[in-house]
Every structure is written in C-alpha cells, then in structure tokens.
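Please consider the protein chain shown here. The questions are meant for a reader who meets this structure for the first time.

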Amino acid sequence: MSKPYVIGIDIGGTNTVFGIVDARGHVVASDSIKTKKHVNFDDYVAELHEGIMRIVKANEAEDKIQGIGIGAPNGNYYTGEIINPPNLPWGPVIPLAQKVSKAFDGIPVAVTNDANAAALGEMTYGAARGMKDFIMITLGTGVGSGIVVNGQLVYGHDGFAGELGHVIVKRNNGRICGCGRTGCLEAYCSATGVARTAREFLEVRTEPSTLRNLQIEDITSKDVYEAAIAGDKMAQEIFTYTGTILGEAFADMVAFSSPQAIILFGGLAKSGDLLLKPLKEAFDKSILPIFRGGTKVILSELKESDAAVLGASALGWEAKFKYESPVAASFDRGLPVERDEQPTATGK
Ligand SMILES: [Zn+2]
C-alpha cells in the first residue's frame, strides 16, 4: 500500500473543518463546511461526506484513508456519540461515529471532545512529542482540557473525564458559568472571561483606561489585549488577574497527575508575557513544594490553522489501530508517529 492517510474532522459551533493528514503530520488538503446549515443530522453527514470526498479525489487518496478522527464538543470516546452538545442543533444524543463510518463504507471512526483531540495532536505532532504525562489546556471561548497520564488520554469511566475548565476557583460570589454553577475557571480565564473581567473592572474602578472608549458590552479579549500592549494599565491588570487565577489552578492540577508540562493552546495563549508572567509567578508560588520546578508551562507547537484538523487526525490513527486490534489501541504513545512512515499496529 502506498502512503497511508487519515481524515481529521473538527466540529465547531460555526464551522466544521476537515483535512487529509499523512503520517508525518502534514495536512495534505483541507476544507470546511458550515456546521449549522442543516437541522437534520443525516443531511449534515451527507454534506460532510461530499466535502471530504472532493478533497480525497482531488488528491487521489481514495484507497489510502485508514481512519477518521473527530473532535466535537461533548464528543464521547467510548460511545462515539455527541451527548447534550451546548451549541449544535441535532438533538441530545447524536450517533456521530456510527453515521460517519456508515457514510464512508465502514472506515473506522473515533470521536472525542475538542480539547482531548488537541492533546492527542500535541502528543503526536507537537510540543508533547515524547511526553507521557502532560495536561493540555485550551483557552478559547471556554476553557477545555485533555489530561494524558502514562501516554494515555484520561477518559474516565464514562468518557467525559478532564473538564478542568469547570474546577471552582472562586468559592464565594463566583461568576455564573455556562455549566449552570458558579465560580468555574472558565468563567474567569476564557476569552469571554477576560471580557467579563474588563466589564467588572470598568464598572467597579474609577481610574482612566482606553477601554472606556469602547461600548462596554461589546468589549472582547482582543480589545483588552490591544489596550494592554499599547500600555493601558487597567488592561494589563486584567491579564495579571487572569494569569494569576490560571497559575493557581494549574498548581492544583499538578497535584493531581504530576505532569511534565501544562501546554497552552488557543487565542488567549498567544497573549505572551502579559498572561504568562503572572501565570508562572502564581504557579510557582502556589505549587506544592515537592512538585516545584518539575512542571513546565509551555505553548502549543501546532500551527493554529492546522491544529484542529491535526488533533482530530491523531485520533484517526487511533481509530485504525483500535479497529485492527483493540489491544493495539494502547500502543506506545511515547514514540512520535513520524519515526516510521507507516505506524504499525503496535506503534513500534
Ligand atoms: Zn462551569
């Protein structure tokens, strides 16, 4: 057989991005469709299949697709379903893996949530290559996480493990979170959390800030970033506030699994030292002494435009192995895929 490929699919609230990926982690081709164009899930799968087959045919890859990996909000690795998605129109239980596999004549399909897919992508192609213990944190509209212990993603007994965005960081008078509780990390340290902090600061404080020139309800994390870079003191303090909460939360996470690294991904992670400096300070200060200095906080090495597809595609390899031999699904994750062109079922 010639070079094997997998398909990576990232289902977001707005766009579904998909691509063909080779064993070296190169995105050979990619495209996207609108996620919510179809209210009927079968129609969505049909359009997705059509879009993928278009790029597959254009690259003469019809016989090379070995597996399909899908990252989706609330995607469940064990059942292949999306359960109670916050932002998708197709009902409370969506049989994603089953329907997509059927559309592709039985090609193995694996599903997980988007942050777990990002962790797999990082482990297979990015900053976590060669690491067996790390935690991936995605800082986007929400805060997602993927926990890897001993080379394996932690799925928990039901497939939903790793919701570190919903650890409680404020016990008293915490902000209401999208999950229905109060005080979650996500309510403070996501992009929307940063915007909420800006609104709070502007309302409670009196000092001048260029943020006051903006419509308060329209302020985004990007506005705060730009003001901070331009020297606005309050905007800088918003990042200090955010980074400090993150750093304290990370110190707690280390106590759970003693990872080699916590890897940051997503728009906010690109704020550089504005976020990282207070984060690392709070992290070092709050960490249990036996762990001090043992865990790095680093940034993702995946190109943002490719990351979603790459992460999902890493799961596509796993789908292939799981299908060929359920035991082989536990292949040694410590080896980067590109050491051999074609990963074998044992990964050796
Ligand atoms: Zn929450």
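The following questions and answers describe the predicted model.

Q: What is the mean pLDDT of the protein chain?
A: This is a predicted model, in which local features need pLDDT of at least 70, side-chain atom pairs count only at pLDDT 80 or more, and totals for chains, interfaces and linings use all residues. Residues are numbered from 1 along each chain as its sequence is written. The pLDDT, the predictor's confidence in each residue from 0 to 100, reaches 70 or more in 92% of the residues, and its mean is 91.

Q: What radius of gyration does the protein chain have?
A: The radius is taken over C-alpha atoms, and the globule rule is 2.2 Å times the number of residues to the power 0.38. For 348 residues a compact globule would have a value near 20 Å, and the chain agrees with this at 21 Å.

Q: Which helix gives the most residues to the side of domain 1 that touches domain 2?
A: The domain assignment, automatic or from a database, gives domain 1 (5-120 + 303-339) and domain 2 (130-299). Their contact takes 18 residues from domain 1 and 17 residues from domain 2. Helices are DSSP runs of H or I with at least four residues, strands are runs of E with at least two, and both are numbered from the N terminus. With 6 residues, the one that gives the most is helix H3 (residues 114-125).

Q: How many residues are in the largest nonpolar core?
A: A nonpolar core is a set of buried Ala, Val, Leu, Ile, Met, Phe, Trp, Tyr and Cys residues joined through C-beta atoms within 7 Å. Among the members that touch the most others are Ile 68, Met 136 and Ile 263. The number of residues in this core is 97.

Q: Is Asn 173 buried or exposed?
A: A residue is buried if 20 or more other C-beta atoms, placed from the backbone, lie within 10 Å of its own, exposed if 12 or fewer, and partly exposed in between. Asn 173 lies in the loop between strand S10 (152-153) and helix H4 (186-189). Because Asn 173 has 7 other C-beta atoms within 10 Å, this residue is exposed.

Notes. Contact = placed C-beta atoms within 7 Å.
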